[in-house]
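Work through the exercises below with the model open. Try each task before reading its solution.

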Number of protein chains: 2
Amino acid sequence: MSTLRTLLGIRRPLLGAPMAGVSGGRLAAAVSRAGGLGFIGGGYGDHDWLVEQLELCDGQPFGVGFITWALARRPELLDLALQARPRAVLLSFGELGDLGRRVRDAGVPLIAQVQTVAQAIGAAHAGADIVVAQGGEAGGHGGWRGTMALVPAVVDAVAPLPVVAAGGIADGRGLAAALMLGASGALCGTAFYACHESLAHDEAKRRLVRASGDDTVKGPIFDWLRGIAWPDGPWSLRTLRNDSTERWGGDLDGLHRTLPEQQKVLERARHCADFDIAPVIAGEAADLVRERRSAETVVADFVQQAARCLGQPWPTLL
Amino acid sequence: MSTLRTLLGIRRPLLGAPMAGVSGGRLAAAVSRAGGLGFIGGGYGDHDWLVEQLELCDGQPFGVGFITWALARRPELLDLALQARPRAVLLSFGELGDLGRRVRDAGVPLIAQVQTVAQAIGAAHAGADIVVAQGGEAGGHGGWRGTMALVPAVVDAVAPLPVVAAGGIADGRGLAAALMLGASGALCGTAFYACHESLAHDEAKRRLVRASGDDTVKGPIFDWLRGIAWPDGPWSLRTLRNDSTERWGGDLDGLHRTLPEQQKVLERARHCADFDIAPVIAGEAADLVRERRSAETVVADFVQQAARCLGQPWPTLL
């Protein structure tokens with residue numbers, strides 16, 4: 001069985017998550033330059049944006065991630081990604097089906113991100129080369145199971161496929177913990193969101209750096225406000241709490257009734273970067289992101305801290 | 001600063017959670033006999049039950065855990081527990097206040113279980129000797145934050161107090177991961193629920209052993225059906241899904257309207273151990289509980305597997 005490192009050709013077991021609209025070519029390249037593998041966030045499928053970001057990878061290895069159900073509506077974007085010769089394609093949120101087969105037919109490693117043990121078993125049957133077990137701590141869309149119990153259960157369910165842990169990991173302690181759980185590495189989004197190379201807005205980065213994981217919340221509000229019709233599934237969007245989540249979190253009916261009007265409010269707020277109303281998409285690992293740095297520094301600190309954790313003498317357990 | 005081991009006088013960094021009505025004296029004694037520390041689950045405060053269980057500890061060390069808001073209504077039970085000379089008292093779900101002070105005044109280590117970083121800071125200020133950071137993966141009542149990101153954030157927030165990780169940990173991989181996250185040990189409930197010494201019903205144990213963490217769900221249904229008025233707070237009950245959670249999970253208003261009738265249905269179901277209707281209280285680590293064993297075997301396997309994880313040579317990260 002191939003390992004994560006040989007499949008992806010990486011020195012360090014750390015992947016930069018394909019955050020939609022945030023993980024562009026520069027961020028992906030910076031993570032890869034530091035020895036991991038950065039992913040471009042194909043998101044909901046913007047052709048021109050993807051072309052542009054693929055050109056910013058600066059000759060570094062990169063992967064491309066897509067939201068599976070959105071890619072199924074614009075499958076030509078997969079051809080675009082595959083033509084750029086990515087190290088891997090990551091699909092999340094939906095059945096792999098024909099899209100997965102096309103990745104494998106192109107000779108590119110297929111990474112399936114899952115949110116439950118049942119999905120992991122399905123992904124293994126559908127031919128995934130690597131499974132990302134994503135806990136609900138993750139920022140953006142994610143499931144309801146926690147990383148700590150999901151990862152070892154997925155490891156057992158899909159063995160000997162390599163498993164990557166995601167959700168709630170933003171420093172070397174989390175990477176070391178992921179390895180203990182049986183994962184071969186970690187995939188991290190929030191850890192890279194506030195990096196210089198991330199395409200997130202400066203004010204959103206500032207808010208993430210100040211926030212605690214206590215300040216995040218999951219719900220459908222911003223999908224509705226952005227007019228993105230997510231299909232039913234075991235997932236939901238995690239963001240920082242703000243005026244929008246406080247106003248509508250307990251009154252989804254009210255939001256539904258006034259949606260066109262509220263969508264305009266959101267549009268204006270995004271235009272002027274008013275993140276009291278617009279979303280800052282962040283995971284529970286927000287506590288661990290305390291400054292804005294380069295992605296290369298983040299990767300280096302990650303692996304140095306993980307190595308210290310793994311290398312220290314532990315009290316005798318037996 | 002005292003360590004977890006010196007504070008509690010234990011050889012192995014594993015605590016048996018005080019599961020209400022499930023963790024009696026025999027289970028607590030078995031965990032302690034194996035080198036950890038078992039807790040009796042004081043729960044909602046049944047005087048006679050607590051007296052009985054304290055007598056079953058067989059001379060082994062033990063701790064006692066209480067639901068803080070329930071103990072505040074029956075504070076005499078804390079005197080009963082303290083007179084039995086526990087190794088520690090664990091309080092969860094509510095302000096420590098005077099109860100915490102009385103534990104400390106008795107010279108007994110005070111363990112505060114928290115569900116958020118903000119609560120952890122409050123517990124440290126209130127004089128806790130040890131903080132349990134409990135992720136929402138936990139069975140029974142717990143919060144909404146995941147263990148993976150909560151533990152390192154709490155470690156940083158209350159340093160140098162020792163922190164114990166809880167939620168989603170049911171084998172040595174989870175214990176090793178907890179140590180990597182900066183915790184001094186782990187507190188586990190689901191791992192011990194199906195043990196021979198647990199007071200859970202045989203049929204409930206059988207269902208847990210067959211279940212996946214995918215099959216658990218959080219909600220207020222069983223608190224309502226049992227007539228337990230939990231105060232508002234960042235917590236909710238995790239159980240296995242069954243007919244009751246499927247029937248009422250999407251219709252809390254309907255349950256509220258017919259509550260007296262449904263409470264009778266639950267009472268009958270509990271009487272005849274019908275766990276299609278009555279709750280099996282279980283955490284997301286259910287995937288990792290695959291057989292019914294003695295608690296001593298569980299503890300031994302835990303530490304052997306953790307030692308293997310911690311001792312294996314890791315790929316070079318730097």
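**Exercise 1. Find which residues line the largest cavity, and sort them by class.**

Solution. 
Step 1. List the lining. It consists of B:Gly16, B:Ala17, B:Met19, B:Ser23, B:Leu27, B:Ala28, B:Val31, B:Gly38, B:Phe39, B:Cys188 and B:Phe192. On a 1 Å grid over the protein atoms alone, a cavity is a set of points where a 1.4 Å probe fits but cannot get out, and lining residues have an atom within 4 Å of a point.
Step 2. Assign elements. α2 (25–33) and β2 (37–41) of chain B each give two or more residues to this lining. The largest share, 3 residues, comes from α2(B). Helices (H or I, at least four residues) and strands (E, at least two) are DSSP runs, numbered from the N terminus.
Step 3. Sort by class. The lining has 8 nonpolar, 3 polar and no charged residues. Ala, Val, Leu, Ile, Met, Phe, Trp, Tyr, Cys and Pro count as nonpolar, Asp, Glu, Lys and Arg as charged, and the others, Gly among them, as polar.
Step 4. Give the volume. The largest cavity has about 40 Å³. Grid points are joined across faces, edges and corners, and the volume is the space filled by probe spheres set on the points.

This is a predicted model: local features need pLDDT of at least 70, side-chain atom pairs count only at pLDDT 80 or more, and totals for chains, interfaces and linings use all residues. Residues are numbered from 1 along each chain as its sequence is written, chains are lettered from A and ligands numbered from 1 in the order in which they are written, and side-chain values use heavy atoms, leaving out hydrogens and water.

**Exercise 2. Which strands pair with β3(A)?**

Solution. 
Step 1. Take strand β2 (residues 37–41) of chain A. It runs parallel to β3(A), joined by 3 bridges. Pairing requires at least two DSSP bridges.
Step 2. Take strand β4 (residues 88–92) of chain A. It pairs with β3(A) in the parallel sense over 5 bridges.

Key. 1 Å grid on protein atoms, 1.4 Å probe; cavity = no way out; pocket = protein on both sides within 12 Å on 5 of 7 lines; lining within 4 Å.
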